[in-house]
Amino acid sequence: MRQAFTILTLLVAAPVFAQGSGPIPELANQQLADPKKEAEATNLMHGLRCIQCQGQSIADSDAPMAATMRAEVRQQIAKGEKPETIRKWMIGRYGEWVSFEPEMKGSGLLLWAAPVLLLLVAVWMARGLFRRRA
Amino acid sequence: MMAEAGLAALWLAAAMALLQLAGGLSLIGDGKLASLIRPAAMVQGALCVFSFCALIWLFWITDLSVLLVASNSHIDKPAIFKIAGTWGNHEGSMLLWVTVMALSGAAIALLEKRIDAKTLGATLGVQAVVSLGFFAFLLFSSNPFERLVPAPAQGAGLNPLLQDIGLAFHPPTLYIGYVGLSVAFSFAVGALLTRQVGPAFARAMRPWVLGAWIFLTLGITAGSYWAYYELGWGGWWFWDPVENASLMPWLAATALLHSVSVLATRNALRAWTIMLALVAFAMSMAGTFLVRSGVLTSVHSFAVDPERGAFILTLMLVYTGAAFVLFALRIGTVRQGEPFQLVSREGAIVANNIFLSVILGIVLIGTLYPLAAEALGDKISVGPPYFNKATVPIALLLMLALLLGPMLRWRRDEIARHKYWLVGFFAIILWSGVAVWQFAPGVGIFPTLGIAFALALAVASFVPLKGRNLLRTPLPIYGMVIAHFGLAVSVFGMASESGFSKESLTALSPGQSAQVAGWTVKLDDVNPAIGDNWVGIQGEMLANRGGKTFALHPQSRQFFQPEMQTSEAALLTRWNGQLYAVLAQPDERTGKWQVRLWWKPYVTFIWFGGALVALGGLIALLGRMLRRPRKPAKNNWASE
């Protein structure tokens with residue numbers, strides 16, 4: 001409760017004495033008090049790319065940039081934002097590159113359809129094997 | 001002097017490969033040079049071993065007048081890492097590749113007696129073509145023996161992440177696996193050329209596939225554990241391009257392993273087996289290309305050069321392109337072999353092949369997709385959320401097929417014959433699924449099903465032993481049972497880790513404690529620590545659960561040569577899981593230390609299971625090798 005209050009105070013106060021200073025740095029490496037919210041945040045962090053590193057998610061990186069992004073995610077989750085909204089926000093800010101989960105539209109559609117298409121092709125290729133009676 | 005001798009041996013070995021190819025080509029005509037093939041292969045093997053030993057020697061004495069040594073080693077490096085440094089770089093690893101390949105050729109020339117002389121000659125001829133490509137690559141674009149004038153005084157050092165005992169074994173293990181698949185490729189093309197695609201060919205190829213598969217399994221398992229403890233965030237699989245590059249050949253090899261057994265035992269699935277052998281080799285080349293070229297960004301890429309990537313890409317396209325053209329031309333004359341019905345052992349193995357190939361396709365598409373998108377001007381990422389959602393359902397289907405497959409009869413069987421087993425497996429799945437859902441709500445569908453299927457498979461894997469005299473059961477059956485059981489163990493670990501891990505990220509002052517999953521971990525103190533080529537800090541932690549206390553010493557290291565920071569996690573292994581502790585940076589404003597703690601239930605089962613899978617393969621391989629080989633047999637399979 002006290003932590004929530006502190007965060008709330010900081011959130012309210014933040015714009016006043018730190019214009020555009022970004023998220024509260026402690027949130028990069030400390031969990032949210034509410035386990036449910038923390039789980040949401042962790043799940044989202046595993047799906048966001050650390051744009052400073054090579055192929056790691058922000059949940060798995062020591063880079064300062066990843067820390068800032070983790071803090072951002074936790075802060076927005078604490079504010080009550082939906083993970084999907086935050087993901088969109090990140091994409092808006094850093095481009096599609098930041099999301100490990102491609103969109104289910106446009107060129108991404110083919111990617112998401114791939115498992116089913118591949119399965120159909122494989123079954124079609126195998127159909128001749130069973131045709132003759134043993 | 002030693003460097004020049006090593007280089008000379010390499011050129012001579014390439015000349016031997018040329019001779020081996022000439023012998024192979026002469027088989028088309030009068031076969032006069034065919035007697036050259038086997039001696040050339042053996043001499044080539046010996047020359048490559050000499051060349052590789054020369055490079056190890058240069059690293060051992062740290063001869064800094066050799067460019068490769070100077071840029072990858074350092075006089076202060078510990079001895080074991082000096083030796084491991086031999087293959088911890090691009091040139092050295094390629095020399096290792098060529099050496100293993102030449103040794104395989106020598107082994108085939110020396111030992112292979114199951115197939116007829118002409119197919120053997122053709123196989124070695126194809127192998128010579130493949131190794132010539134790699135010799136050219138090595139000699140023209142990656143000479144490991146190049147001199148550096150003037151010689152530097154110290155050397156540049158090795159990436160600290162690679163200064164680990166894991167390095168000494170991980171890349172060579174994968175490479176041996178890749179080379180084994182190239183041998184399988186040579187056999188497949190050789191048999192296509194002489195029209196001998198049949199059980200004898202399958203029995204000759206099988207040990208190489210099995211051997212390659214064992215090494216790939218070990219390599220992936222070890223690589224996963226290495227990333228787990230070295231990267232310091234507790235993840236064991238990142239769907240990273242380099243990991244995918246090693247997973248794809250494994251998937252193809254696993255499918256090939258099953259279909260080659262059908263060909264050897266039942267003379268069925270001929271075209272499939274050849275196709276899978278070509279795909280497996282193509283995947284190992286593609287894997288090497290992806291890793292070496294740096295076209296994909298990855299946590300594991302330590303040797304990256306676009307020009308060399310282009311060379312490997314060309315080799316891959318030429319070899320697999322030619323092989324697939326040959327396949328297309330010849331396969332029309334290959335009958336599919338003995339018929340079988342949908343419900344049969346063969347049918348189950350076809351299901352295995354389909355599911356593994358689909359997973360392979362997904363991984364391939366997902367890995368290459370960002371490249372294609374970037375070519376079209378779109379910068380996107382495809383990562384864990386996609387791969388998990390796309391592959392896990394297929395993998396679960398594969399596990400379902402595996403419950404029943406091994407107990408089916410060859411040719412034809414009736415589902416009704418196995419109804420009690422089916423009901424039993426269904427009961428296990430239902431019971432454990434409901435139990436997980438009941439006692440740990442919100443765990444997610446994949447971990448729940450993973451645990452349920454793993455438990456059913458753990459039971460099902462032993463069913464093939466039912467009704468057998470255990471003393472007279474052939475070793476390959478035991479191998480299969482152990483490998484399938486190992487898969488169940490591994491999947492259980494994966495599901496448990498992803499569903500039930502507990503995390504605690506905090507900042508502690510010395511004397512303070514944190515809790516995770518019933519453990520109380522106290523940060524007693526933080527002390528300086530020093531090693532051969534690094535300085536750092538070490539946390540003195542005490543972990544307590546149920547009255548027992550254990551000491552943990554996570555470190556954060558700063559290396560000098562080259563400069564880099566790494567965190568060394570402290571792992572406390574219990575039978576039912578691991579406590580994973582990391583000490584990171586001090587918090588600048590509060591002066592507290594960042595501490596990351598995880599309790600990962602049954603996480604060790606992942607790698608223990610992987611090791612069991614490899615052990616199963618080894619037992620099967622021993623079983624195959626201890627049996628006396630049959631006489632060469634000719635198959636008239638082509639429709640005249």
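Among contacts in chain A between residues at least 6 apart in sequence, what percentage join residues at least 24 apart? In this predicted model, the figure is 54%. Chain A has 134 residues, and 31% of them are buried. Five helices and zero strands were assigned to chain A. From the N terminus on, its elements read α-α-α-α-α.

Chain B was examined through individual helices. Helix α2 of chain B covers residues 37–60, a run of 24 residues. Its first and last C-alpha atoms are 35 Å apart. That span is close to the 34 Å expected at 1.5 Å a residue. Just after α2(B), B:T62 adopts a positive phi of about 50 degrees.

Further along chain B, a pair of helices is in contact. Two packed helices are described by the angle between their axes and the distance between the axes. Helix α14 of chain B spans residues 419–439, and helix α15 of chain B spans residues 445–460. Their axes come within 8 Å and cross at roughly 145 degrees. The crossing of α14(B) with α15(B) is right-handed.

On the α14(B) side, the contact is made by B:F425, B:I428, B:I429, B:S432, B:G433, B:V436 and B:W437. On the α15(B) side, B:T448, B:L449, B:I451, B:A452, B:F453, B:L455, B:A456, B:V459 and B:A460 take part. Of the residues in this contact, 13 are nonpolar and three are polar. An α-helix has 3.6 residues a turn, so residues three or four places apart point the same way.

Note on methods:
Residues numbered from 1 in each chain as written. Chains lettered and ligands numbered in written order. Predicted model: local features only at pLDDT ≥ 70, side-chain atom pairs only at ≥ 80, totals over all residues. Helix = DSSP H or I, 4+ residues; strand = E, 2+ residues; numbered from the N terminus. Buried ≥ 20, exposed ≤ 12 C-beta atoms within 10 Å, placed from the backbone. Contact = placed C-beta atoms within 7 Å. Expected span 1.5 Å × (residues − 1). Axes fitted to C-alpha atoms, helices over the stretch in contact; angles between N-to-C directions. Left-handed = near helix turned anticlockwise from the far one by under 90°. Nonpolar A, V, L, I, M, F, W, Y, C, P; charged D, E, K, R; others polar.
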